[in-house]
Amino acid sequence: MPDVKHFDPDAVLDRAVRLFWRRGGAAGIAEVVAETGLSRSSLYATFGGKRDLYVAALRRYADRWSRPVFDRLAADGRGLPGIAAFFDGLVTARCSGEYARWGCMVSNAHAAQDGSDADEREVLDAHHEALCTAMRTALLAAREHGQLRADVDVRSTAQMLALLAYGVNLRSRAGADPGELAGTVDAALRSLSPLP
């Protein structure tokens, strides 16, 4: 007779996302049990070990929190104003509201990652590539609108802006002033524009 689960694995995974977002992979199994309300045996039977649950939560965060934002950026079409709106939203999300000072689960994972977990690395690399692709698309729109200096390399600039996003995430987690973060973003974007 098949085992019947008396809980919703999706709801459990969402609670795990919140825990690992706040605490990272260092959260202990006792914390996971307390946060999810499940026994250790139920967690292991459903998700595998704590590391498996962490990677599943990281993947879910990337799919449900990051991907829609990247898709909006890529579809925006305004060029640099679209990129500025992306960063405005990022600073606002990281510095105010329910998740203020949590940073980004993916950025937090990048900071803590030691390269030994291939599954985690795969999620982080896919997330980074999706962010860079969205940035490249927005930069190509900026080029079409005449918003970029002629010498701006779109591929390397997309990488730079992705790294700036990670920096905003990490600095906001450390309590950085949102005005300073916004000013840094503004300076970076102004450096891409043709001189008047």
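The buried residues of α6 pack against α1, α4, α7 (118-144) and α8 (154-173). This is a predicted model, in which local features need pLDDT of at least 70 and side-chain atom pairs count only at pLDDT 80 or more, while totals for chains, interfaces and linings use all residues. Residues are numbered from 1 along each chain as its sequence is written, and side-chain values use heavy atoms, with hydrogens and water left out.

**Exercise 1. Which residues of helix α6 are buried?**

Step 1: Locate the helix. α6 covers residues 105-112.

Step 2: Pick out the buried positions. They are M105, V106, S107, N108 and A109.

Step 3: A109 is in contact with E120, a residue of helix α7.

**Exercise 2. Compare how α4 packs with α1 and with α7.**

Step 1: Two packed helices are described by the angle between their axes and the distance between the axes. Axes are lines fitted to C-alpha atoms, for helices over the stretch in contact, and angles run from 0 to 180 degrees between N-to-C directions.

Step 2: Take α1 (residues 9-23) and α4 (residues 50-76). Their angle is about 90 degrees and their axes are 9 Å apart, so α1 and α4 are roughly perpendicular. The cut-offs are under 35 degrees for roughly parallel, over 145 for roughly antiparallel, 65 to 115 for roughly perpendicular, and oblique for the rest.

Step 3: List who touches whom. On α1 the contact is made by D10, L13, D14, A16, V17, F20 and W21, and on α4 by K50, L53, Y54, A56, A57, R60, Y61, R64 and W65. These residues divide into 11 nonpolar, no polar and five charged (Ala, Val, Leu, Ile, Met, Phe, Trp, Tyr, Cys and Pro count as nonpolar, Asp, Glu, Lys and Arg as charged, and the others, Gly among them, as polar).

Step 4: Now take α4 and α7. Here the angle is about 5 degrees, with the axes 10 Å apart, and α4 and α7 are therefore roughly parallel.

Step 5: Sort this second contact. Its members include R51, Y54 and L73 of α4 and E120, M135 and A138 of α7.

**Exercise 3. Is E120 buried or exposed, and which residues is E120 in contact with?**

Step 1: Check the accessibility. E120 has a relative accessible area of 3%, so E120 is buried.

Step 2: Name the partners. Leaving aside neighbours within four places in sequence, E120 is in contact with R51, Y54, V55, L58, A109 and Q113.

**Exercise 4. Which residues of the largest nonpolar core touch the most other members?**

Step 1: A nonpolar core is a set of buried Ala, Val, Leu, Ile, Met, Phe, Trp, Tyr and Cys residues joined through side-chain atoms within 4.5 Å.

Step 2: Give the residues. Of the 33 members, I83, F86, F87, M135, L139 and L161 touch the most others.

Step 3: Assign the helices. At least two core residues come from each of α4, α5 (80-95), α7, α8 and α9 (178-190).

Step 4: Note the other core. Apart from this core lies one of 27 residues, with L19, F20, V55 and A109 among them.

Step 5: Zoom in on I83. Not counting residues up to four places away in sequence, I83 touches L73, M135, A138, L139, L161 and L189.

Step 6: Look back from L73, in helix α4. L73 has 4% relative accessibility and so counts as buried. The C-alpha atoms of L73 and A138 are 6.7 Å apart, although the two residues are 65 apart in sequence.

Definitions and conventions:
Helices (H or I, at least four residues) and strands (E, at least two) are DSSP runs, numbered from the N terminus. Contact means heavy atoms within 4.5 Å. Buried means under 20% relative accessible area, exposed over 50%, partly exposed in between (1.4 Å probe, protein chains only).
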